[in-house]
Every structure is written in C-alpha cells, then in structure tokens.
Amino acid sequence: MVLIGQVNVRFRFIKVLKSGHKVEVVDGEEMEAIRKDFHGYTTNLIRLTPGRWLVHDRYKNLANELYDFKWRSSDVVVMTYPKCGTTWTQEIVWTMRNNPDLDNPEGATTLLDRVPFIDGDMNIPDDIPADSPFLAMSQGFRKLCPDADPKDGFSLQLSKVLPDPRTIKTHLPFSLLHPSLLDTVKVVYVVRKPKAVAVSYHHHSRLFSVVGFQGPLEKFVKYFTEGNLVYGPYWVHVKEAWEQREHPNLHLVFYEDLKADIMGELRRLDTFLGTHLTDTQLAKVAEHTSFNQMKARSKEYDSFAIPEVIQSEGGFFRRGQSSDWQNKFTPELEAYMDAWVNEKFDFGIQFK
Ligand code: PPS
C-alpha cells in the first residue's frame with residue numbers, strides 16, 4: 001500500500017512491458033480519491049515498477065511501441081521531466097538545426113508539428129470529442145498522415161513519418177525507452193530547480209482541464225515530493241540522466257543556465273549538435289526563442305486551457321523565470337523542500 005497525498009492506494013497487477021516494467025493499475029476507491037484532487041482524470045492511472053513511474057492508463061497500449069520506436073541516427077531527442085523547459089529547448093534545437101537564419105517558412109508552423117511529443121498521446125483522454133481544438137491542432141499530422149485517425153493518437157504516428165532531421169520531445173525517463181537510445185541518437189536533457197518545477201507543474205495542472213487539479217501549492221508539493229504526479233518521481237528521472245552524463249551523445253542543460261547565459265549555452269549546444277552556426281546566427285536563435293517571442297507566436301498552447309486561470313495566473317507561457325518560485329513558497333514549504341532535495345538528490349547534482 002502506498003500513500004498518495006492523503007490517500008491509501010492499492011495497486012492491481014495487470015501485465016509486464018517489453019521494458020521489463022510491471023504494470024499495476026490504480027483504480028476503484030483509490031482512483032476516486034485521487035480524482036477529488038485531479039478532476040480531469042477520467043480514466044485510471046497506472047504505476048510502472050521499478051521506478052514507480054505514474055502514467056495514464058493509455059500508456060499501457062503505447063508502451064511497447066514507444067520502447068521499440070525506430071530511432072534514426074540523425075534524430076535529436078529533447079528529454080525532460082514536465083515543466084523543466086522542454087518547449088523552450090525543443091524550439092532552440094529545431095531552430096538551430098532547421099532555421100538558423102529565420103528564413104524557413106516551416107518555422108512559422110505549430111511547434112508540436114515540427115517537434116512531436118512522442119509520448120503525448122497518453123495525455124489525450126479517450127472520451128475527447130472529435131471536434132476538440134486539441135485534436136484539430138496538428139496540421140502536420142493531417143498533412144503527413146492523411147488517412148490516420150487523430151483519436152488513435154497523433155504524436156506517435158507523426159513522429160514515425162516526420163522527414164529527417166527529426167527533433168522529438170519526450171517526458172519519458174531513459175528506463176522506459178530502449179537501452180540503445182543513447183548509442184543511436186543525440187539526447188538533450190534539461191533539468192530545472194525542483195521548487196521551480198513544482199510551481200510550474202502546479203500551474204500547468206490547474207490550467208488544463210484534462211488535469212483539473214484543485215488545491216493549493218502545498219498539497220501539490222506533497223504529490224510532487226512523494227513521486228505521485230504523472231511522469232513519476234522527479235529525482236529518479238534526473239538520476240537516470242545524471243548517471244549517463246559522460247556519454248558523448250548526452251548533453252545536460254540547466255534551465256537556469258539558459259536564463260543566465262543564453263549565448264554561452266547556445267555555443268555549447270552548437271558544439272554538441274555539430275551545427276557550426278556563427279555568433280550572428282546564434283544571436284538570432286536566442287532572440288527568436290526568447291520567452292516573449294515564443295509566447296507571442298504560440299497561442300495554440302492556450303487554446304484548450306481554462307480562461308480564468310490564464311487571466312489570474314497566466315497561460316502555458318507563464319513567467320519564464322528562474323526565481324519566480326520565491327514568490328510562491330512560504331518559509332515552511334521552502335524548509336520542507338530543502339530537506340527533501342537534500343535527501344533525494346544525493347547523487348551529486350547541484351541545482352542552480
Ligand atoms: S511542458 O508542459 O512539460 O512541456 O512544459 P515545459 O516546456 O517543460 O516547461 C514550461 C516552463 O518553461 C517556461 N518557458 C520558457 N522559459 C524561458 N524562455 C522560454 N522561451 C520559455 N518557453 C517556456 C514556461 O513559461 C514554463 O515555466 P513557468 O515557470 O511556469 O513560466
């Protein structure tokens with residue numbers, strides 16, 4: 001039995017995945033209790049062990065396909081736990097590789113079409129209406145997969161047919177993907193200070209009705225620190241990447257470094273990606289991917305968000321700062337988080 005927030009949770013074993021993870025479903029009364037906090041969870045959650053990854057029920061049907069996904073050597077994967085700066089980094093990487101002079105018309109298309117979120121389909125509710133703005137959003141999917149049904153998921157289907165060079169986003173940890181991943185593709189892994197991740201994830205979970213979190217930051221932090229949010233324990237996710245940090249195909253980025261020295265970080269990325277861009281091109285990339293510019297041209301991210309939350313707290317592009325968490329944490333909550341960070345992130349990483 002595991003404690004989720006204030007809820008006692010029992011799991012029911014259902015199958016083993018190709019990755020070797022045991023799938024246990026969280027259902028019945030236990031799931032009902034979680035739904036009291038997360039109003040958008042219309043289907044069950046499942047737990048994958050080892051790792052205690054918490055994912056949506058739909059993941060069990062996608063898991064083996066994601067594990068066996070045919071990566072190409074020219075692929076770049078942007079991997080992060082939610083809210084660490086994925087969207088920013090995927091736009092940086094795509095622009096460096098595909099649009100360094102800002103003259104590629106593709107640069108004006110929806111980011112999710114250019115950089116598919118390969119495991120994103122698990123977040124789409126089964127009962128989503130066919131005319132939902134979310135399903136209508138992917139023009140790239142409609143163009144490249146004209147005969148496919150978006151209700152079968154569009155991110156994975158789009159990822160498969162996207163022409164080279166592909167840049168692909170994932171929130172999955174290394175252990176749920178094929179062990180040969182890093183020997184096949186380049187991976188950019190982004191980490192962010194845990195307090196900032198918690199604040200941003202809390203906002204995200206209130207902003208989107210498919211999550212529908214109801215409650216204050218304190219309650220959300222409890223879920224976060226107990227590893228009981230979708231995508232599971234942050235510290236295990238980061239640890240798996242940290243252990244691979246010497247691998248030549250892994251590039252570790254701190255969100256706070258991107259904020260503090262974007263040109264320095266772009267130069268490091270340029271070396272890693274082998275893009276050979278000039279400083280003039282890198283400066284253009286920095287400007288094009290700045291918070292204000294991305295917010296202004298990515299309105300679709302808020303098309304299925306709750307308007308009242310956008311009004312009071314901001315939309316998907318909320319603050320885009322390193323230290324905004326300081327405005328949200330009480331001294332007590334900060335002390336609790338500091339003790340938790342010291343205990344869980346004991347493998348050498350120093351957050352900025
Ligand atoms: S998601 O939903 O998991 O993919 O979210 P993710 O993109 O990983 O993280 C969202 C946070 O990143 C901020 N963001 C940016 N910061 C700086 N510059 C740019 N260009 C940028 N784009 C997105 C976004 O505002 C979220 O952070 P918070 O702190 O909530 O503002």
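Which loop is P165 found in? P165 is in the loop between α7 (155-161) and β8, and that spot gets its own view below. Everything shown here comes from a predicted model.

**Figure 1. The whole chain, before we zoom in.** The protein chain has 17 helices and 10 strands. Its C-alpha atoms fill a box of roughly 55 × 50 × 40 Å along the principal axes. A compact globule of 352 residues would have a radius of gyration near 20 Å, and the 19 Å of the protein chain agrees with that. Of the 352 residues, 58% count as buried. Take the contacts with a separation of 6 or more: 69% of them link residues 24 or more positions apart. The accessible surface comes to about 14900 Å², and carbon and sulfur atoms account for 51% of it. As for charge, there are 43 positive and 47 negative ones, and their mean positions lie 1 Å apart.

**Figure 2. Two prolines with cis peptide bonds.** Most peptide bonds are trans. Here, though, the bond from D164 to P165 is cis, with omega near -5 degrees. P165, as we said, belongs to the loop between α7 and β8. The bond from T49 to P50 is cis too, with omega near 5 degrees. Look for P50 in the loop between β5 (45-49) and β6 (53-56).

**Figure 3. K169, a buried lysine without a salt bridge.** This view takes us into strand β8 (residues 167-170), where K169 is found. K169 is buried, yet it has no salt bridge. How far away is the nearest side chain of opposite charge? That side chain is D119, and it is 7.9 Å away. So what does K169 touch, leaving aside its neighbours within four places in sequence? The list is V78, T86, Q90, V115, P116, F117, I118 and D119.

Figure 4. P233 is found in the loop between α10 (217-225) and α11. Is P233 buried or exposed? At 2% relative accessibility, P233 counts as buried. Setting aside residues up to four places away in sequence, P233 touches G51, R52, W53, Y81 and G227.

**Figure 5. Two residues with a positive phi.** Most residues other than glycine have a negative phi. K83 isn't a glycine, but its phi is positive, near 70 degrees. You'll find K83 in the loop between β7 (76-80) and α3 (86-98). K83 is buried, with a relative accessible area of 13%. H276 isn't a glycine either, and its phi is positive at about 50 degrees. H276 is found in the loop between α13 (262-273) and α14 (279-288). With a relative accessible area of 70%, H276 is exposed, whereas K83 is buried.

Key. Residues are numbered from 1 along each chain as its sequence is written. This is a predicted model: local features need pLDDT of at least 70, side-chain atom pairs count only at pLDDT 80 or more; totals for chains, interfaces and linings use all residues. Side-chain values use heavy atoms; hydrogens and water are left out. Helices (H or I, at least four residues) and strands (E, at least two) are DSSP runs, numbered from the N terminus. The radius of gyration is taken over C-alpha atoms; the globule rule is 2.2 Å times the number of residues to the power 0.38. Buried means under 20% relative accessible area, exposed over 50%, partly exposed in between (1.4 Å probe, protein chains only). Contact means heavy atoms within 4.5 Å. Accessible areas come from the Shrake-Rupley method with a 1.4 Å probe; for residues, only the protein chains shown count as cover. Lys and Arg count as positive and Asp and Glu as negative; His and the chain ends are not counted. The place of a charge is taken as NZ of Lys, CZ of Arg, CG of Asp or CD of Glu. A salt bridge is a side-chain nitrogen of Lys or Arg within 4 Å of a carboxyl oxygen of Asp or Glu.
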